[in-house]
Amino acid sequence: MIKTAVVGATGVVGQGLINRLMGHPWFKLTRVVASERSRGKKLEHVLAASDGVKELPEDLAGLEIISTGDFRVEDVDLIFSAVEAGVARGLEPEYARVRPVVSTTSAFRHDPHTPLLMGGVNAEHVPLLRVQQKKHGWQGFIVPKPNCTVAGLVITLKPIQERFGLKRVALTSLQALSGAGRSPGVASLDIIDNILPFIAGEEEKVEQEPKKILGVLTGEEIKPATFTINATCTRVPVLDGHLLSIMVETEKRTTPAEVGEVMKTYGREHELTGLPHAPQEILTVTEDPFRPQPRLDRNKGNGMTVTVGRLASAPVFPGGIKYVALSSNTGIGAAGGAVLMAEYLAREFLNWV
(Lines give C-alpha, C1' and ligand atoms only; values in the text may rest on other atoms or scores of the structure.)
Protein backbone atom coordinates (compact mmCIF):
# COMPACT_ATOMS: atom_id res chain seq x y z
CA MET A 1 0.00 0.00 0.00
CA ILE A 2 1.09 3.56 -0.73
CA LYS A 3 1.34 5.46 2.55
CA THR A 4 -0.48 8.76 2.23
CA ALA A 5 -0.90 12.00 4.19
CA VAL A 6 -3.58 14.68 3.99
CA VAL A 7 -2.34 18.13 4.99
CA GLY A 8 -5.21 20.46 5.82
CA ALA A 9 -7.30 17.48 6.90
CA THR A 10 -9.98 19.37 8.82
CA GLY A 11 -11.06 21.71 6.00
CA VAL A 12 -13.84 20.99 3.51
CA VAL A 13 -11.48 19.68 0.81
CA GLY A 14 -9.39 17.80 3.40
CA GLN A 15 -12.54 16.06 4.62
CA GLY A 16 -13.38 15.19 1.03
CA LEU A 17 -9.94 13.66 0.59
CA ILE A 18 -10.41 11.56 3.73
CA ASN A 19 -13.73 10.32 2.32
CA ARG A 20 -12.12 9.39 -0.98
CA LEU A 21 -9.18 7.61 0.66
CA MET A 22 -11.29 5.41 2.95
CA GLY A 23 -10.90 1.84 1.76
CA HIS A 24 -8.83 2.89 -1.25
CA PRO A 25 -7.19 -0.15 -2.90
CA TRP A 26 -3.85 1.63 -3.48
CA PHE A 27 -3.57 4.48 -0.97
CA LYS A 28 -3.53 4.04 2.80
CA LEU A 29 -4.09 7.18 4.85
CA THR A 30 -1.49 7.06 7.62
CA ARG A 31 -1.01 10.74 8.54
CA VAL A 32 -3.52 13.55 9.01
CA VAL A 33 -2.04 17.01 9.36
CA ALA A 34 -3.74 20.24 10.40
CA SER A 35 -3.16 23.46 12.26
CA GLU A 36 -1.76 23.69 15.77
CA ARG A 37 -5.23 24.05 17.33
CA SER A 38 -6.13 20.50 16.22
CA ARG A 39 -2.82 18.96 17.21
CA GLY A 40 -3.11 15.81 19.36
CA LYS A 41 -6.83 15.35 18.84
CA LYS A 42 -8.28 12.16 17.44
CA LEU A 43 -9.62 12.41 13.91
CA GLU A 44 -13.04 11.13 15.01
CA HIS A 45 -13.41 13.94 17.54
CA VAL A 46 -12.42 16.72 15.18
CA LEU A 47 -14.67 15.58 12.37
CA ALA A 48 -17.58 14.19 14.41
CA ALA A 49 -19.72 17.32 14.04
CA SER A 50 -19.22 17.60 10.29
CA ASP A 51 -21.70 16.39 7.71
CA GLY A 52 -18.90 16.29 5.15
CA VAL A 53 -17.31 13.04 6.35
CA LYS A 54 -18.72 9.56 6.23
CA GLU A 55 -18.47 7.29 9.27
CA LEU A 56 -14.80 6.72 9.96
CA PRO A 57 -13.50 3.16 10.09
CA GLU A 58 -11.81 2.16 13.33
CA ASP A 59 -8.25 2.51 12.01
CA LEU A 60 -8.89 6.12 10.96
CA ALA A 61 -11.10 7.17 13.85
CA GLY A 62 -8.24 6.88 16.31
CA LEU A 63 -5.65 8.50 14.06
CA GLU A 64 -4.03 11.41 15.87
CA ILE A 65 -3.81 14.75 14.12
CA ILE A 66 -0.32 16.20 13.93
CA SER A 67 0.67 19.78 13.22
CA THR A 68 2.54 20.87 10.11
CA GLY A 69 5.57 21.53 12.30
CA ASP A 70 5.60 17.95 13.61
CA PHE A 71 4.90 16.24 10.27
CA ARG A 72 7.79 14.11 9.01
CA VAL A 73 7.57 13.97 5.24
CA GLU A 74 9.67 10.81 5.10
CA ASP A 75 6.95 8.87 6.96
CA VAL A 76 4.72 8.74 3.87
CA ASP A 77 5.04 8.08 0.15
CA LEU A 78 2.54 10.63 -1.15
CA ILE A 79 1.08 13.90 0.16
CA PHE A 80 -2.26 15.53 -0.59
CA SER A 81 -2.16 19.25 0.19
CA ALA A 82 -5.46 21.01 0.96
CA VAL A 83 -4.22 24.06 2.86
CA GLU A 84 -4.72 27.73 2.00
CA ALA A 85 -2.68 28.99 -0.96
CA GLY A 86 -0.50 31.26 1.19
CA VAL A 87 0.46 28.38 3.48
CA ALA A 88 0.95 26.06 0.51
CA ARG A 89 3.60 28.33 -1.01
CA GLY A 90 5.83 27.61 1.97
CA LEU A 91 4.97 23.99 2.70
CA GLU A 92 4.61 22.34 -0.69
CA PRO A 93 8.16 22.99 -1.97
CA GLU A 94 9.55 21.58 1.28
CA TYR A 95 7.46 18.45 0.87
CA ALA A 96 8.33 18.14 -2.83
CA ARG A 97 12.04 17.99 -2.06
CA VAL A 98 11.36 14.46 -0.81
CA ARG A 99 7.90 13.27 -1.88
CA PRO A 100 5.25 13.81 -4.57
CA VAL A 101 2.63 16.41 -3.66
CA VAL A 102 -0.84 16.53 -5.22
CA SER A 103 -2.27 19.94 -4.41
CA THR A 104 -5.81 21.32 -4.44
CA THR A 105 -4.55 24.89 -3.95
CA SER A 106 -3.79 27.67 -6.44
CA ALA A 107 -0.27 28.33 -5.12
CA PHE A 108 1.69 26.89 -8.08
CA ARG A 109 -0.92 26.70 -10.84
CA HIS A 110 0.82 29.41 -12.86
CA ASP A 111 4.40 28.31 -12.27
CA PRO A 112 5.96 27.77 -15.73
CA HIS A 113 7.59 24.48 -14.74
CA THR A 114 4.49 23.05 -13.08
CA PRO A 115 1.80 21.29 -15.14
CA LEU A 116 -1.80 22.08 -14.23
CA LEU A 117 -3.23 18.61 -14.61
CA MET A 118 -6.83 17.52 -15.11
CA GLY A 119 -7.50 13.81 -15.30
CA GLY A 120 -8.64 12.76 -18.75
CA VAL A 121 -7.68 16.08 -20.34
CA ASN A 122 -3.95 16.83 -20.50
CA ALA A 123 -1.89 13.79 -19.58
CA GLU A 124 0.56 14.87 -22.29
CA HIS A 125 1.76 17.59 -19.88
CA VAL A 126 2.97 15.05 -17.28
CA PRO A 127 6.57 14.99 -18.67
CA LEU A 128 6.95 18.60 -17.48
CA LEU A 129 7.33 17.11 -14.00
CA ARG A 130 10.81 15.90 -14.98
CA VAL A 131 11.73 19.48 -15.85
CA GLN A 132 10.35 20.67 -12.51
CA GLN A 133 12.34 18.04 -10.61
CA LYS A 134 15.56 18.87 -12.44
CA LYS A 135 15.15 22.63 -12.03
CA HIS A 136 14.60 22.42 -8.27
CA GLY A 137 16.64 19.31 -7.49
CA TRP A 138 13.56 17.61 -6.03
CA GLN A 139 13.02 13.90 -5.55
CA GLY A 140 9.29 14.56 -5.52
CA PHE A 141 7.16 17.10 -7.35
CA ILE A 142 4.15 19.41 -7.06
CA VAL A 143 1.04 18.78 -9.16
CA PRO A 144 -1.84 21.20 -8.62
CA LYS A 145 -5.35 20.45 -9.82
CA PRO A 146 -7.32 23.30 -11.40
CA ASN A 147 -9.99 25.53 -9.92
CA CYS A 148 -13.22 23.61 -9.25
CA THR A 149 -15.17 25.52 -11.93
CA VAL A 150 -12.38 25.06 -14.46
CA ALA A 151 -12.34 21.29 -13.90
CA GLY A 152 -15.80 20.77 -15.33
CA LEU A 153 -15.27 23.40 -18.03
CA VAL A 154 -12.12 21.93 -19.57
CA ILE A 155 -13.57 18.41 -19.67
CA THR A 156 -16.31 19.74 -21.95
CA LEU A 157 -13.97 21.91 -24.03
CA LYS A 158 -11.29 19.28 -24.70
CA PRO A 159 -13.25 17.17 -27.24
CA ILE A 160 -14.46 20.33 -29.02
CA GLN A 161 -10.89 21.64 -29.23
CA GLU A 162 -9.54 18.34 -30.56
CA ARG A 163 -12.14 18.00 -33.30
CA PHE A 164 -13.19 21.53 -34.24
CA GLY A 165 -10.75 23.97 -32.58
CA LEU A 166 -11.65 26.81 -30.22
CA LYS A 167 -11.82 30.55 -31.00
CA ARG A 168 -13.99 32.08 -28.27
CA VAL A 169 -15.67 30.86 -25.09
CA ALA A 170 -18.20 32.80 -23.02
CA LEU A 171 -19.74 31.40 -19.87
CA THR A 172 -21.75 32.19 -16.78
CA SER A 173 -21.25 29.99 -13.73
CA LEU A 174 -23.80 29.27 -11.02
CA GLN A 175 -21.51 28.00 -8.28
CA ALA A 176 -22.48 26.01 -5.20
CA LEU A 177 -21.89 27.15 -1.63
CA SER A 178 -19.48 24.32 -0.85
CA GLY A 179 -17.06 25.88 -3.32
CA ALA A 180 -16.54 28.72 -0.84
CA GLY A 181 -15.62 26.36 2.00
CA ARG A 182 -16.61 26.79 5.63
CA SER A 183 -14.01 29.36 6.56
CA PRO A 184 -14.87 32.03 5.71
CA GLY A 185 -17.61 30.55 3.54
CA VAL A 186 -20.75 32.49 2.64
CA ALA A 187 -22.96 34.05 5.32
CA SER A 188 -26.47 32.59 5.40
CA LEU A 189 -28.09 36.03 5.44
CA ASP A 190 -26.25 36.88 2.23
CA ILE A 191 -27.23 33.80 0.23
CA ILE A 192 -30.69 32.70 1.40
CA ASP A 193 -33.29 33.90 -1.11
CA ASN A 194 -30.46 35.44 -3.10
CA ILE A 195 -27.75 35.10 -5.74
CA LEU A 196 -24.35 36.75 -5.33
CA PRO A 197 -23.23 38.12 -8.72
CA PHE A 198 -19.51 38.27 -7.90
CA ILE A 199 -16.88 35.88 -6.49
CA ALA A 200 -13.58 37.61 -5.77
CA GLY A 201 -10.71 36.30 -7.91
CA GLU A 202 -12.82 33.58 -9.56
CA GLU A 203 -13.27 35.03 -13.02
CA GLU A 204 -9.52 35.53 -13.44
CA LYS A 205 -8.93 31.84 -12.66
CA VAL A 206 -11.66 30.67 -15.04
CA GLU A 207 -10.30 32.87 -17.83
CA GLN A 208 -6.64 31.89 -17.39
CA GLU A 209 -6.35 28.28 -16.23
CA PRO A 210 -8.08 26.59 -19.21
CA LYS A 211 -5.55 28.13 -21.59
CA LYS A 212 -2.70 26.42 -19.75
CA ILE A 213 -4.52 23.12 -19.40
CA LEU A 214 -5.48 23.06 -23.09
CA GLY A 215 -2.12 24.42 -24.25
CA VAL A 216 0.75 22.52 -25.86
CA LEU A 217 3.86 21.26 -24.09
CA THR A 218 6.88 22.43 -26.10
CA GLY A 219 10.08 21.19 -24.51
CA GLU A 220 10.35 22.77 -21.08
CA GLU A 221 7.25 24.93 -21.07
CA ILE A 222 3.57 24.97 -21.95
CA LYS A 223 2.46 27.23 -24.76
CA PRO A 224 -1.03 28.41 -23.73
CA ALA A 225 -3.99 27.90 -26.03
CA THR A 226 -4.92 31.05 -27.95
CA PHE A 227 -8.72 31.06 -27.68
CA THR A 228 -10.32 33.79 -25.59
CA ILE A 229 -12.58 33.28 -22.57
CA ASN A 230 -15.01 35.65 -20.91
CA ALA A 231 -16.49 34.48 -17.60
CA THR A 232 -19.14 35.76 -15.22
CA CYS A 233 -19.06 33.84 -11.94
CA THR A 234 -21.93 33.86 -9.45
CA ARG A 235 -22.75 32.09 -6.18
CA VAL A 236 -26.15 30.42 -5.80
CA PRO A 237 -27.91 28.74 -2.83
CA VAL A 238 -27.03 25.16 -3.86
CA LEU A 239 -24.98 22.88 -1.61
CA ASP A 240 -22.95 21.08 -4.27
CA GLY A 241 -22.66 21.17 -8.03
CA HIS A 242 -21.43 23.98 -10.29
CA LEU A 243 -23.70 24.66 -13.26
CA LEU A 244 -22.16 26.42 -16.28
CA SER A 245 -23.95 28.06 -19.19
CA ILE A 246 -21.40 28.00 -22.02
CA MET A 247 -21.20 29.42 -25.55
CA VAL A 248 -18.38 28.38 -27.90
CA GLU A 249 -17.19 29.62 -31.26
CA THR A 250 -15.18 26.93 -33.02
CA GLU A 251 -12.49 27.31 -35.67
CA LYS A 252 -14.20 24.74 -37.89
CA ARG A 253 -17.94 25.04 -38.40
CA THR A 254 -19.94 22.32 -36.68
CA THR A 255 -23.42 21.45 -35.43
CA PRO A 256 -24.89 20.62 -32.01
CA ALA A 257 -25.35 17.01 -33.13
CA GLU A 258 -21.68 16.68 -34.11
CA VAL A 259 -20.52 18.24 -30.86
CA GLY A 260 -22.77 15.92 -28.87
CA GLU A 261 -21.34 12.88 -30.63
CA VAL A 262 -17.69 13.82 -30.03
CA MET A 263 -18.49 14.55 -26.37
CA LYS A 264 -20.12 11.13 -25.92
CA THR A 265 -17.19 9.36 -27.57
CA TYR A 266 -14.66 11.33 -25.54
CA GLY A 267 -16.52 10.58 -22.32
CA ARG A 268 -16.23 6.84 -22.88
CA GLU A 269 -12.76 6.58 -24.42
CA HIS A 270 -10.29 8.07 -21.95
CA GLU A 271 -6.89 7.13 -20.54
CA LEU A 272 -8.25 6.85 -17.00
CA THR A 273 -9.78 3.43 -17.55
CA GLY A 274 -8.91 1.02 -14.75
CA LEU A 275 -8.19 3.67 -12.13
CA PRO A 276 -10.17 3.20 -8.89
CA HIS A 277 -11.76 6.66 -9.09
CA ALA A 278 -12.39 6.73 -12.84
CA PRO A 279 -16.07 6.73 -13.79
CA GLN A 280 -17.31 4.75 -16.78
CA GLU A 281 -17.88 8.10 -18.49
CA ILE A 282 -16.07 11.30 -17.57
CA LEU A 283 -18.44 13.23 -19.81
CA THR A 284 -22.03 12.39 -20.68
CA VAL A 285 -24.72 14.15 -22.72
CA THR A 286 -28.42 14.23 -21.88
CA GLU A 287 -31.26 14.96 -24.29
CA ASP A 288 -33.62 15.96 -21.47
CA PRO A 289 -34.19 19.75 -21.76
CA PHE A 290 -34.62 20.00 -17.97
CA ARG A 291 -31.23 18.44 -17.23
CA PRO A 292 -28.60 18.61 -15.90
CA GLN A 293 -29.69 19.70 -12.44
CA PRO A 294 -27.48 19.78 -9.33
CA ARG A 295 -29.76 17.64 -7.15
CA LEU A 296 -30.27 15.03 -9.87
CA ASP A 297 -26.89 14.85 -11.60
CA ARG A 298 -24.07 15.97 -9.30
CA ASN A 299 -23.45 12.46 -7.94
CA LYS A 300 -23.28 10.78 -11.34
CA GLY A 301 -20.23 8.54 -11.53
CA ASN A 302 -19.66 9.07 -7.80
CA GLY A 303 -19.31 12.78 -8.48
CA MET A 304 -16.71 12.19 -11.19
CA THR A 305 -18.86 12.54 -14.33
CA VAL A 306 -19.58 15.88 -16.00
CA THR A 307 -23.07 16.11 -17.50
CA VAL A 308 -23.86 18.25 -20.54
CA GLY A 309 -27.34 19.19 -21.70
CA ARG A 310 -29.27 21.67 -23.85
CA LEU A 311 -26.82 21.47 -26.76
CA ALA A 312 -27.98 23.97 -29.39
CA SER A 313 -26.82 26.56 -31.90
CA ALA A 314 -25.69 29.96 -30.56
CA PRO A 315 -26.23 32.55 -33.35
CA VAL A 316 -24.47 35.24 -31.29
CA PHE A 317 -21.23 33.59 -32.49
CA PRO A 318 -20.65 32.66 -36.17
CA GLY A 319 -21.55 28.98 -36.22
CA GLY A 320 -21.61 29.02 -32.43
CA ILE A 321 -22.65 26.25 -30.05
CA LYS A 322 -24.17 26.58 -26.59
CA TYR A 323 -24.75 24.09 -23.80
CA VAL A 324 -25.17 23.70 -20.04
CA ALA A 325 -22.65 21.65 -18.03
CA LEU A 326 -22.81 20.37 -14.47
CA SER A 327 -19.93 19.04 -12.39
CA SER A 328 -19.55 18.18 -8.72
CA ASN A 329 -17.25 20.84 -7.32
CA THR A 330 -16.46 18.60 -4.32
CA GLY A 331 -16.00 15.51 -6.52
CA ILE A 332 -14.22 15.90 -9.86
CA GLY A 333 -13.67 19.58 -9.01
CA ALA A 334 -11.82 19.03 -5.74
CA ALA A 335 -10.99 15.92 -3.69
CA GLY A 336 -12.16 13.41 -6.27
CA GLY A 337 -10.15 15.06 -9.02
CA ALA A 338 -7.05 15.16 -6.81
CA VAL A 339 -7.29 11.46 -5.96
CA LEU A 340 -7.93 10.55 -9.60
CA MET A 341 -4.84 12.46 -10.71
CA ALA A 342 -2.77 10.81 -7.96
CA GLU A 343 -3.96 7.41 -9.20
CA TYR A 344 -2.95 8.26 -12.76
CA LEU A 345 0.50 9.43 -11.68
CA ALA A 346 1.00 6.40 -9.45
CA ARG A 347 0.30 4.11 -12.39
CA GLU A 348 1.71 5.98 -15.39
CA PHE A 349 4.50 8.21 -14.02
CA LEU A 350 5.74 6.70 -10.76
CA ASN A 351 5.12 3.05 -11.72
CA TRP A 352 3.92 2.22 -8.23
CA VAL A 353 1.06 -0.04 -9.31
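**Close-up views of a predicted model**

A search of the whole structure finds 15 salt bridges. A salt bridge here is a side-chain nitrogen of Lys or Arg within 4 Å of a carboxyl oxygen of Asp or Glu. Side chains of opposite charge can pair when their charged atoms come close. This is a predicted model: local features need pLDDT of at least 70, side-chain atom pairs count only at pLDDT 80 or more, and totals for chains, interfaces and linings use all residues. Residues are numbered from 1 along each chain as its sequence is written, and side-chain values use heavy atoms, with hydrogens and water left out.

**View 1. Asp59 meets Lys28 in a salt bridge.** Their closest N and O atoms are 3.6 Å apart. The partners are 31 residues apart, with Asp59 in helix H3 (residues 58–61) and Lys28 in strand S2 (residues 27–34). Helices (H or I, at least four residues) and strands (E, at least two) are DSSP runs, numbered from the N terminus. Asp59 is partly exposed at 49% relative accessibility. Lys28 is partly exposed too, at 37%. Buried means under 20% relative accessible area, exposed over 50%, and partly exposed in between (1.4 Å probe, protein chains only).

**View 2. Glu249 forms a salt bridge with Lys167.** The closest N and O atoms lie 3.5 Å apart. Glu249 sits in strand S11 (residues 242–250) and Lys167 in strand S7 (residues 166–175), so the pair ties together parts that are 82 residues apart in sequence. Glu249 is buried, at 5% relative accessibility. Lys167 is partly exposed, at 42%.

**View 3. Arg31, Arg72 and Asp75 are linked in a network of salt bridges.** Elsewhere, the side chains of Glu348 and Arg347 meet in a salt bridge, 2.7 Å from N to O. Glu348 is partly exposed, at 42% relative accessibility.

**View 4. Strand S5 (residues 100–103) is covered on both faces.** Pro100 and Val102 are buried on one side. Val101 and Ser103 are buried on the other. In a regular strand the side chains alternate between the two faces of the sheet.

**View 5. Strand S5 pairs in the parallel sense with S4 (residues 78–81) and with S6 (residues 141–144).** Two strands pair if DSSP finds at least two bridges between them. S4 and S5 share three bridges, and S5 and S6 share four. Val102 is the bridge partner of Phe80, while Pro100 stands opposite Phe141 in S6.
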